[in-house]
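Hi,

Here is the structure I promised to pass on. Have a look at it first, and then read my notes below.

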Amino acid sequence: MKRNTWQREAVREALTSTEGFISAQGLHLSLHEAGSPIGLATVYRALADLASEGDADSLQSPEGESLYRACTTGHHHHLICRNCGLTVEIEADAVEQWARQAAAAHGFTQAQHVVDVFGLCASCTATSDLAGTASMP
């Protein structure tokens, strides 16, 4: 376990107060806007440490950028809105069973997996549908 410095604690607190997933650069910007002198490299290191210790969720956006958020405990999966970033933790028993069966069928043990489903939330879908309807003749 890493030493708990003021920088690491500042990153943890900023992440906890952020809804949904955020990039290291986005979190760094919000810290600086709040008056913190913390460096971007320090934010990256702190987020990586928090993720490796299970205190933060980490995933890659469809564009390949690493995103983070404060983690709830236990293994879980996410639905993530591509537009607004709304994130919902979901149960995925069928995925768990499939992962175990697929791994065993190929002789794998101690298999781990990550499932993140990207789409549009109901609100963004409604907004998108309204925009599409408004542009129709």
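A word on ground rules. This is a predicted model, so to speak of local features I needed pLDDT of at least 70, and side-chain atom pairs count only at pLDDT 80 or more, while totals for chains, interfaces and linings use all residues. Residues are numbered from 1 along each chain as its sequence is written, and side-chain values use heavy atoms, with hydrogens and water left out.

**The chain overall**

The secondary structure amounts to 5 helices and 6 strands; helices (H or I, at least four residues) and strands (E, at least two) are DSSP runs, numbered from the N terminus. Along the sequence the order is α-β-α-α-β-β-β-β-α-β-α. The radius of gyration is 18 Å, whereas a compact globule of 137 residues would have one near 14 Å (taken over C-alpha atoms, with the globule rule being 2.2 Å times the number of residues to the power 0.38). Along the principal axes, the C-alpha atoms fill a box of roughly 55 × 50 × 20 Å.

Of the 137 residues, 28% count as buried; buried means under 20% relative accessible area, exposed over 50%, and partly exposed in between (1.4 Å probe, protein chains only). The accessible surface is about 9,100 Å², and 55% of that belongs to carbon and sulfur atoms (Shrake-Rupley method, 1.4 Å probe; for residues, only the protein chains shown count as cover). As for contacts (heavy atoms within 4.5 Å), 48% of those with a separation of 6 or more are between residues 24 or more positions apart.

**Helix H3**

Val-43, Ala-46, Leu-47, Asp-49 and Leu-50 are the buried residues in H3. They cover an arc of only 160° around the axis, which puts them on the same side of H3; the arc is that of the directions from the helix axis to the C-beta atoms. What do the buried residues of H3 pack against? Their partners are H1, helix H2 (24–33), S2 and strand S3 (66–70). Arg-45 and Ser-52 are exposed, on the face turned away from the buried side of H3. After H3 comes Gly-54, with a positive phi near 85°.

**Helix H4**

Just after H4, Gly-107 takes a positive phi of about 80°.

**Salt bridges**

I count 6 salt bridges, each being a side-chain nitrogen of Lys or Arg within 4 Å of a carboxyl oxygen of Asp or Glu. One of them pairs Arg-8 with Asp-49, with the closest N and O atoms 3.5 Å apart. Arg-8 lies in helix H1 (residues 6–16) and Asp-49 in helix H3 (residues 40–52), so this pair ties together parts 41 residues apart in sequence. Both ends are buried: Arg-8 has a relative accessible area of 5%, and Asp-49 is at 19%.

Arg-8 also forms a salt bridge with Glu-53, at 2.4 Å between the closest N and O atoms. Glu-53 sits in the loop between H3 and strand S2 (56–60), 45 residues from Arg-8, and is partly exposed at 29%.

Glu-9 and Arg-12 form another, with the closest N and O atoms 3.5 Å apart. Being 3 residues apart in helix H1, the two are separated by about one helical turn. Glu-9 is partly exposed at 25%, and so is Arg-12 at 24%. Shared partners join Arg-8, Asp-49 and Glu-53 into one salt-bridge network.

**Cys-84**

Cys-84 is in the loop between S4 and strand S5 (87–90) and is partly exposed, at 48% relative accessibility. Neighbours within four places in sequence aside, Cys-84 is in contact with Cys-121 and Cys-124. Gly-20 is 64 residues from Cys-84 in sequence and 9.0 Å from it in space, C-alpha to C-alpha.

Cheers
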